[in-house]
Amino acid sequence: MIFKAYSNLNKHTKVAICVAPILLILGFAASDLWLENKAMEDKYYNMQPVDGLCDIAAKQCVLSTGEFQISLYQENGLTTANSTFPLDTMTLFLVNENGEPTVYPMGMKDSPYYWYQKTPLEDALQSPGASQTVRFVAKVKGGNYIAEVISTTAN
């Protein structure tokens, strides 16, 4: 019965019935490749202090964007970053009065959640009221999380 109905169709309809499944599969594969390519593109997210202030010396500097948070603090002469998701890389920049940054690539401490680097930040924030502009870029699976904060030591 199906073959009888098929034989009554013109040649263009027969070709369309044969080609349609192939086009469907190729379209599905092409859309999958396109979505995979889009997922690999770099994305940038700006992080802001949770409570509007940042005091790295007092361990009160938590930056956030959505559910992702990074805490910056000074401990035993090391500037340390603790994140809620495992990081791929973390780079810290200390900006001087002229706006020129000094780069400090951070190393993984015990796990991809903790990163550290020896910096002069402890000396810069030692006295009450002292401030230092700090920037960082944290990379997580194609996402670049960036921030610029001024850490001010409480009086």
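Mentor: Ala, Val, Leu, Ile, Met, Phe, Trp, Tyr, Cys and Pro count as nonpolar, Asp, Glu, Lys and Arg as charged, and the others, Gly among them, as polar. This is a predicted model with residues numbered from 1 along each chain as its sequence is written; local features need pLDDT of at least 70, and side-chain atom pairs count only at pLDDT 80 or more. Totals for chains, interfaces and linings use all residues, while side-chain values use heavy atoms, with hydrogens and water left out.

Trainee: How do the residues of the lining of the largest pocket divide into nonpolar, polar and charged?

Mentor: A pocket is an open set of points on a 1 Å grid over the protein atoms alone, where a 1.4 Å probe fits, with protein on both sides within 12 Å along at least five of seven lines; lining residues have an atom within 4 Å of a point. The lining includes Leu-94, Tyr-104, Pro-120, Gln-132 and Glu-97. Sorted by class, the lining comes to five nonpolar, five polar and one charged.

Trainee: Which strand gives the largest share of that lining?

Mentor: Strands are DSSP runs (E, at least two residues), numbered from the N terminus. Strands S6 (89-95), S7 (101-105) and S10 (131-140) each supply at least two lining residues. The largest share, three residues, comes from S10.

Trainee: How much space lies in the largest pocket?

Mentor: Grid points are joined across faces, edges and corners, and the volume is the space filled by probe spheres set on them. For the largest pocket this comes to about 190 Å³.

Trainee: How many residues apart in sequence are the parts that Tyr-45 and Tyr-145 tie together?

Mentor: Rings of Phe, Tyr and Trp (its six-membered ring) pair if their centres lie within 6.5 Å, and planes under 30 degrees apart count as stacked, over 60 as edge-to-face and the rest as tilted. The count is three aromatic pairs, and one of them, Tyr-45 with Tyr-145, is stacked at 4.9 Å centre to centre and 20° between the planes. Tyr-45 sits in strand S1 (residues 43-46) and Tyr-145 in strand S11 (residues 143-152), so the separation in residues is 100.

Trainee: Is Tyr-145 buried or exposed?

Mentor: Buried means under 20% relative accessible area, exposed over 50% and partly exposed in between (1.4 Å probe, protein chains only). Tyr-45, at 30%, is partly exposed. Tyr-145 has 14% relative accessibility, so it counts as buried.

Trainee: Which strand holds Phe-68, the residue that pairs with Tyr-145?

Mentor: Phe-68 and Tyr-145 form a tilted pair, 4.4 Å centre to centre with 50° between the planes. The pair ties together parts 77 residues apart in sequence, because Tyr-145 lies in S11 and Phe-68 in S4.

Trainee: Which residues are linked in a network of salt bridges?

Mentor: A salt bridge is a side-chain nitrogen of Lys or Arg within 4 Å of a carboxyl oxygen of Asp or Glu. Glu-75 forms one with Lys-59, the closest N and O atoms being 3.1 Å apart, and another with Lys-109 at 3.9 Å. The network therefore consists of Lys-59, Glu-75 and Lys-109.

Notes:
Helices (H or I, at least four residues) and strands (E, at least two) are DSSP runs, numbered from the N terminus.
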